[in-house]
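Here are my notes on this one, jotted down as I went through it. Have the viewer open while you read.

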Amino acid sequence: MIEEFFFKLAFILYLISTVGFFIYFYSLKPEALKGARLVLLGGFFCHTLNIVLRLKILKAPPVASFHESSSFLAWAVVGVYFFFVYRGPKVYTLGTFLLPLVLLLMIASAISPSEITPLPPVLQSLWLPIHAIISLFSYAFFLTAAVAGFMYLLQERQVKHKHLGGIFRRLPPLESLDRINELSLKYGFPLLTLGIITGALWAEKAWGTYWSWDPKETWSLILWFIYAALLHERLIVGWRGRRAAMMALLGFFVWIISFFVVNLFLPGLHSYGKWS
Amino acid sequence: MENGPKEKILILGLNHRTAPVEVRECFALKNVSEHPLAILKRELPEAEEVLFLSTCNRVEFILVSKTSDQTLKSLKEILVRTTGLEVARFEDHLYFYENRDAVRHLFRVASGLDSLVLGEPQILGQVKEAYREAVEYRTTGPILNRLLHKTFSVAKRVRTETGIGSHAVSVSYAAVELAKKIFGSLKGRTALLVGAGEMAELAAQHLISAGVSRMLVANRTLSRAIELAERFRGKAYGLEELPECLLETDIVITSTGAPGYVITRDMVKPLLRKRRLRPLFFIDIAVPRDVEPAVNELENIYVFDIDDLKQVVEENLGRRKQEALRAEKIVEEEVLKFERWLRELAVYPTIKALREKAEAIRRRELEKTLGRLDLSPEEKEAIETLTESLIQKLLHDPISYLKSGYHREGREAIVTVRRIFNLDQEEPGSSPTFEELSGAEEATEIPKKWH
């Protein structure tokens, strides 16, 4: 099918782009970075086509199955990357750290069943795409925050221990990484909040109850509390740097549970995680 | 055809490695009432072109002359008169380069490869200034004009294609580079100077030029603090006000003569929350140290002492040395190119190149035309003869201009012809323009930019 072809093409282009980002990290040649970004843009374009084509077949945004949502999330992360290239501080090596994550998401999507199955009637609602797309975009920001946090901790280690070698020179100033962390949080948190609210509204429509404590909902709430705490501390106490980076990483691990473990292994209302 | 010996490029000079400062300062010719170039122009007629480069680390006489031995002898005599030193006092400190070695030496000097601090950038500006003066005194000619423009482009190439200038090699500059790695931009940041000292002030100066907008000065004696604060347009404090100062600053440079720690962990720790955990960067260049090492363990606080900074400088010097190897290769490449240009800059190779170019064009066009036409051998023969006599008639005047012009105008004539017919196969813009090459009058265009 043509939409599958574009998925594969996007995957291959992402792979080439990742290699390009690694070459840039090693050589620091601006041409490598430019090339990697260009290929990434090409991959992003193919990926967009894949999503649009799937949308035409489904007559709904493709965010229902695990295959679709992890593919969509990978697409959103690439989108967030370009958003930061355009708007954020200059972090030339961000792609080197972010792209492997995109690849993992693409692999996760590729190995899960991709047939287009009609949705059960209970899920056929406009709320589904709204709830899912908003949530997935918030994840994309949090993943970027976690990657920036990882880079921050790595760079801080170099500074504190006075290891001013290759890694130190390749990573950006601490301030820039902290700024990515902050911006991601500022965009991601409202989206997550909105995602949870729209989810609750939809649940009320579908099942007559706003909240039913299924594992996905519980873990999403934990996730929300982590980022709420981080945002609060950032704004009120002035947390930044090391602690903010560590919180972003903590959020990442909780997210892994909420996205992979809960979806794939725990039974619940969020059936999109089921393999069959 | 070319009678007499060829012009040679000569360099006579001394630098920080070959001569002690007593000799170098005499050679700077600062005490002479006239400009050195004026003296050389008058008293050294053997030299057709002269350039005089003088910095605190080196003095170089760059000459073009047909008689190298005679020129050197006269130059040394002039130097004895102007410096007041005997030949024996300075002779051993001098170095002398000729032609290819001279070109290489000048390229290396301008690229900072021969500098006391490897890769320092000021030297290029000093070479440009020396050239500007020579143009002003009209002591340059076609060879030095070309050589100097080539020198500038080589230096630029070295700077952009190698990292020779990109690693800080002074303690104060290394501190600024580190600060940038923590804060990103230093614009709008505040720095605090604790204690005074030459290196600390230098670092403060670097910070200000990197964008730091506010300077605070804290010192044991308040009067000294006020004096320093005035220089940096900042505020002065006594040492006992340090905690308040630390609340407001991002970067701290300490260099007091105090025997113990001036800034301790216990002093900084309570400030963290009040500072809203903003990063704080201590540059401790005092010995004994002013900042307790344990301060480095606090959150978002970074302490670098003098040894840390020296280590950074050491590593960067190593990197520059690596880059210098690549720079030497570029220089060698460009020396060869320049040598080729110099060799070609004679009457016969020019005539030959001119004829070859015309012949190549004739053949190419002839082939195109003859391929399309169906002609008898006689007709072909006639066209061959026609084209041959065309180019011969056309080239007659440039060639006779070359031959006669060489005696009147010297190499100027050759440069002109080579450029008009583009015999050096250069891309436009890659070399000095005709105006730049054709002498002092027109060359005044360029120096304007340097002011």
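1. Ground rules. This is a predicted model, where local features need pLDDT of at least 70, side-chain atom pairs count only at pLDDT 80 or more, and totals for chains, interfaces and linings use all residues. Residues are numbered from 1 along each chain as its sequence is written, while chains are lettered from A and ligands numbered from 1 in the order in which they are written.

2. Helices α2 and α3 of chain A. Helix α2 (residues 30-58) and helix α3 (residues 66-87) of chain A have axes that come within 10 Å and cross at roughly 140 degrees. (Helices are DSSP runs of H or I with at least four residues, strands are runs of E with at least two, and both are numbered from the N terminus; axes are lines fitted to C-alpha atoms, for helices over the stretch in contact, with angles from 0 to 180 degrees between N-to-C directions.) That angle makes α2(A) oblique to α3(A); under 35 degrees would count as roughly parallel, over 145 as roughly antiparallel, 65 to 115 as roughly perpendicular, and the rest is oblique. The crossing is left-handed, a label used if the near helix is turned anticlockwise from the far one by less than a right angle, with clockwise being right-handed.

3. Who touches whom there. From α2(A) come A:Leu40, A:Phe44, A:His47 and A:Ile51, and from α3(A) come A:Phe72, A:Trp75 and A:Val78. Contact here means C-beta atoms, placed from the backbone, within 7 Å. The tally is six nonpolar, one polar and no charged (Ala, Val, Leu, Ile, Met, Phe, Trp, Tyr, Cys and Pro are nonpolar, Asp, Glu, Lys and Arg charged, the others, Gly among them, polar).

4. Helices α7 and α8 of chain A. The axes of α7 (residues 174-207) and α8 (residues 215-237) of chain A also come within 10 Å, crossing at roughly 140 degrees, and α7(A) passes α8(A) in a left-handed crossing. Residues that meet include A:Leu185, A:Phe189 and A:Leu192 in α7(A), and A:Leu223, A:Trp224 and A:Tyr227 in α8(A). The contact residues split into nine nonpolar, three polar and two charged.

5. Chain B against chain A. How many residues of chain B are in contact with chain A? There are 15, and they touch 14 residues of chain A. On the chain B side, α8 (171-183) and α14 (306-344) are the elements giving two or more residues, and α8(B) has the largest share with four. That side divides into six nonpolar, three polar and six charged.

6. The annotated stretch in chain B. An unreviewed UniProt entry puts a "binding site" annotation on B:Gly195, B:Ala196, B:Gly197, B:Glu198, B:Met199 and B:Ala200; such annotations may be inferred rather than shown by experiment. B:Glu198 lies in helix α9 (residues 198-209) of chain B and is exposed, with 9 other C-beta atoms within 10 Å. B:Met199, also in α9 of chain B, is partly exposed with 18 such neighbours. (Buried means 20 or more other C-beta atoms within 10 Å, exposed 12 or fewer, partly exposed in between.) Beyond four places in sequence, B:Met199 contacts B:Val171, B:Ser172, B:Ser255 and B:Ile285.

7. One buried residue to check. B:Leu10, in strand β1 (residues 8-15) of chain B, is buried, with 21 other C-beta atoms within 10 Å. Its contacts beyond four places in sequence include B:Leu63, B:Thr71 and B:Ala102.

Note on methods. Two residues are in contact if their C-beta atoms, placed from the backbone, lie within 7 Å.
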